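Visitor: Could you pick one part of this and walk me through it closely? I'd like to see how it is put together and what it touches.

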Amino acid sequence: MADVSGLPGLRRPAAGTQPDYSYPPYASSIKRAPTQPLILLPHTLSEVTGPVFGYDALGPTDNDLTHQHSGEPLGERILVSGRVLDDYNRPVRHALIEIWQANAAGRYHHKGDTHNAPLDPNFSGYGRVLTDDEGRYAFTTIKPGAYPWGNHHNAWRPQHIHFSLFGAGILSRLVTQMYFPGDPLLKDDPIYQSIRDQRARERLIARFDWPTTVPAFGLGYAFDIVLRSSGATPMEQ
Amino acid sequence: MNQDEPDRLEPTASQTVGPFFRIGLEPLFLPVVAGPAIAGEHVTMRGRLLDGDGQAVPDAVIETWQADAAGHYADPASAPPPGVGAGFSGFGRAPTDAEGRFTLATIAPGQVAGPDGALQAPHLVALVFMRGLLRHLVTRVYFPDGPGLEDDPILKLIPAERRATLIARPVAGEPDILAWDIHLQGADETVFFDA
């Protein structure tokens, strides 16, 4: 859309490629989604700027969720990697990625998780990286388990890893979930199915990846992420 | 690919932050946006987050983005570079507690450029994440005695009867506190933006 501020505005998502706020099959949205029409916001300096993070924000084992404790966690080791691009197909450099996930048994290291699967003393399920100059990132972790939740009778979340990203500008902020190929739970998961556009949905499914699969160690999964961008030339930092 | 502009990629779809985001986001909780060393008028923004039944939302996280006291953003895209705000990142992140309360200690930002070169009234951009939101919400909070409030170009886009939902309130007897409640639904539903 033309931007009244004269700044390069961010493009709005194509219809169906982002979930709607109100999606009754996801029961928690019913009392939490706004009901009034959203106000169309011009993109001013307040929207096209955003926080900048440096490598000093990171701890030495933040990108390896299998080496954050004295022992190794149980479960299937995996390597998750990919590129963060903007919607102009350019790498997003030094993007902060935060991830969190359940352990191999489908239990989160969180006091609010009452699922009676075992906790793993060697797994916190927390990770953080910054992308490199080509927008690349990589984590070593454990494949998370599926777990039950209370949305409807016999509801189970497909295996997933939560991703939070900061790109250039506060409007490039994204929180999403990465899923695994072939998961039979995806077709009945209201969170995944809230994205009406099939291709947009399927882009949340990581791809099994031979090149990043490490012999005698673990399978590789590739997951690329696209963030909104104002189109401004990124500044060198 | 996007139909209108075939060279453009479609941004990745959002999914809810879910109930267990503390595992991943707590290491970067930043409820103190501006410590005592940061120049500016220090203020604590305090509020409650309420759902469509008026019930407290105990599992949300609010992020804020703002300029320093001189109206500069700590981003290389914002010129001129930060001066009085040296050391000020401008980014805050605070969870709600069991009663749906959140607190952000910060400074009142200066005015920043808006549409057509007019200045905007001092404001924070606020993002709201929680279980039940498949996409985060985007809103703003303004300062009640901020310069330019009457003429703010973004507030003017909002029906007059709803503008007050984006303006923090002074608290009697507590001069350093501003109150700003977020109502997800109901008669006082906060204005949210299609950003």
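Guide: Let's take chain A, where 44% of the 237 residues are buried (a residue is buried with 20 or more other C-beta atoms within 10 Å of its own, exposed with 12 or fewer and partly exposed in between, the C-beta atoms being placed from the backbone). Keep in mind that this is a predicted model, so local features need pLDDT of at least 70 and side-chain atom pairs count only at pLDDT 80 or more, while totals for chains, interfaces and linings use all residues. Residues are numbered from 1 along each chain as its sequence is written, and chains are lettered from A and ligands numbered from 1 in the order in which they are written.

As for confidence, chain A has a mean pLDDT of 94, with 95% of its residues at 70 or more (pLDDT is the predictor's confidence in each residue, from 0 to 100).

Now the overall build. Chain A has three helices and twelve strands (DSSP runs, H or I of at least four residues for helices and E of at least two for strands, numbered from the N terminus). Its radius of gyration is 19 Å, which agrees with the value near 18 Å that a compact globule of 237 residues would have (taken over C-alpha atoms; the globule rule is 2.2 Å times the number of residues to the power 0.38). The C-alpha trace of chain A spans about 55 × 45 × 35 Å along its principal axes. Of the contacts in chain A between residues at least 6 apart in sequence, 72% join residues at least 24 apart.

Zoom in on a sheet. Four strands of chain A form an open sheet in the order β4-β3-β8-β9, with antiparallel pairing (strands pair if DSSP finds at least two bridges between them). At the edges are β4 (126-130) and β9 (174-179) of chain A, each with a single partner strand, so one side of each has no neighbour in the sheet. From one strand to the next, the twist averages 20 degrees (axes are lines fitted to C-alpha atoms, for helices over the stretch in contact, and angles run from 0 to 180 degrees between N-to-C directions). Strand β8 (residues 160-166) of chain A is joined to β9(A) by six bridges in the antiparallel sense, and there Ser164(A) sits opposite Val175(A).

Next, the partner. In chain A, 70 residues are in contact with 65 residues of chain B. Elements of chain A that each supply at least two residues of that side include β3 (96-101), β8, β9 and α3 (198-202). By type, the side of chain A that touches chain B has 36 nonpolar, 23 polar and eleven charged residues (Ala, Val, Leu, Ile, Met, Phe, Trp, Tyr, Cys and Pro count as nonpolar, Asp, Glu, Lys and Arg as charged, and the others, Gly among them, as polar). There is strand pairing between the chains too: β1(A) and strand β10 (residues 193-194) of chain B run parallel over two bridges, with Asp194(B) as the bridge partner of Leu40(A).

Definitions and conventions:
Two residues are in contact if their C-beta atoms, placed from the backbone, lie within 7 Å.
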